[in-house]
Amino acid sequence: MVSKYTGQRAHVFIDSGNNAIISTGSTIAGQKYFVMDRADSSALPVPAGMIFQAPRTGTQLTLIAGDRIYHINEERFCKTTASFELGEDAVEVGDDCHPASTIASGITTFSGSMSGLFRYDPVTDEFENIIQDILNKFMTVVHDNGNGVYEVHPKDDSQAYILTQLNSGAKTGQMENYLFAPIVINSMSISLGHGDPQSKDISFTLGHGSPIVYCVPAA
């Protein structure tokens, strides 16, 4: 019998893209990384622009000169709806022997949108981190502690990273199936109707890198 799941089983994580780039040392067990650059004789398992998960046990991967990786910080985006669209353009190659012929361009496009509610810490009433990170893509965020200490976070429009586990709840030994892509968050709308929950909608397109499917056994 084939298993089928609702969209509720798909959990979305977004990394805002403001972690440090790592170019020396070794990977950390079970951590996910985005490969910024890969040296010719590197031990990194995927090309630049893709994601991988470090071994959960055993020997870790040692970086060499020319390797640069980014530690993916998996912040949960609690969605109400989400949709992704992938496409590939067709190139006209028709001639009088083969009229109206086309070939694939070889360039994959990736875009999508997500909706979610504004979520606040139940004790402090602060935004959850991921909400502040998304707002920071469009505007400066200022933290004032009320006693003369100010933290200014200038607008940061660097690319983000989206990781969607399609089958959350997979048991140990079963495969976890992920969709991953570097993205640019290019629009955000906020709804504050009197009779409605505070909500946000974001849309995004592909950033620098490749969308991939990543499959790994659940721990």
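1. Welcome to this predicted model. A friendly place to begin is Asp157, which is exposed at 55% relative accessibility. Lys155 itself is partly exposed, having a relative accessible area of 43%.

2. Another of them joins Glu74 and Lys32, whose closest N and O atoms are 3.5 Å apart. Glu74 sits in the loop between β5 and β6 (75–77) while Lys32 belongs to strand β3, so this contact ties together parts that are 42 residues apart in sequence. Glu74 is partly exposed at 32% relative accessibility, whereas Lys32 is buried, with a relative accessible area of 6%.

3. Next, please look at Arg68 and Asp37, whose side chains form a salt bridge at 2.7 Å, N to O. Arg68 is in strand β5 and Asp37 in strand β3, so the pair links parts that are 31 residues apart in sequence. Arg68 is partly exposed, with a relative accessible area of 35%. Asp37 is also partly exposed, at 31% relative accessibility.

4. How many bridges join strand β3 to β5? There are four, and the strands run antiparallel. Strand β3 covers residues 32–37, and Val35 stands opposite Ile69 of β5. Strand β5 (residues 68–71) also pairs with strand β2 (residues 21–22), in the antiparallel sense and over two bridges. In that pairing, Ile22 has Ile69 as its bridge partner.

5. Now turn to strand β11, which spans residues 160–165. Is this strand mostly covered or open? It is mostly covered, with six of its six residues buried. In a regular strand, side chains alternate between the two faces of the sheet. In β11 both faces are covered: Ala160, Ile162 and Thr164 are buried on one side, and Tyr161, Leu163 and Gln165 are buried on the other.

6. Which strands are joined to β11 by bridges? Strand β1 (residues 11–15) is antiparallel to β11 and joined to it by five bridges. Within this pairing, Asp15 has Tyr161 as its bridge partner. Strand β12 (residues 175–191) also pairs with β11 in the antiparallel sense, over six bridges. There, Ala160 stands opposite Ile183 of β12.

7. Most residues other than glycine have a negative phi. Ala100 has a positive phi, near 60°. Ala100 lies in the loop between β7 (79–92) and β8 (102–117), and it is exposed at 68% relative accessibility. Asp125 has a positive phi too, near 65°. Asp125 is placed in the loop between β8 and α1 (129–135), and at 55% relative accessibility it counts as exposed.

Key: Residues numbered from 1 in each chain as written. Predicted model: local features only at pLDDT ≥ 70, side-chain atom pairs only at ≥ 80, totals over all residues. Heavy atoms only, no water. Pairing = 2+ DSSP bridges. Buried < 20%, exposed > 50% of the residue type's maximum accessible area, 1.4 Å probe, protein only. Salt bridge = Lys/Arg side-chain N within 4 Å of Asp/Glu carboxyl O.
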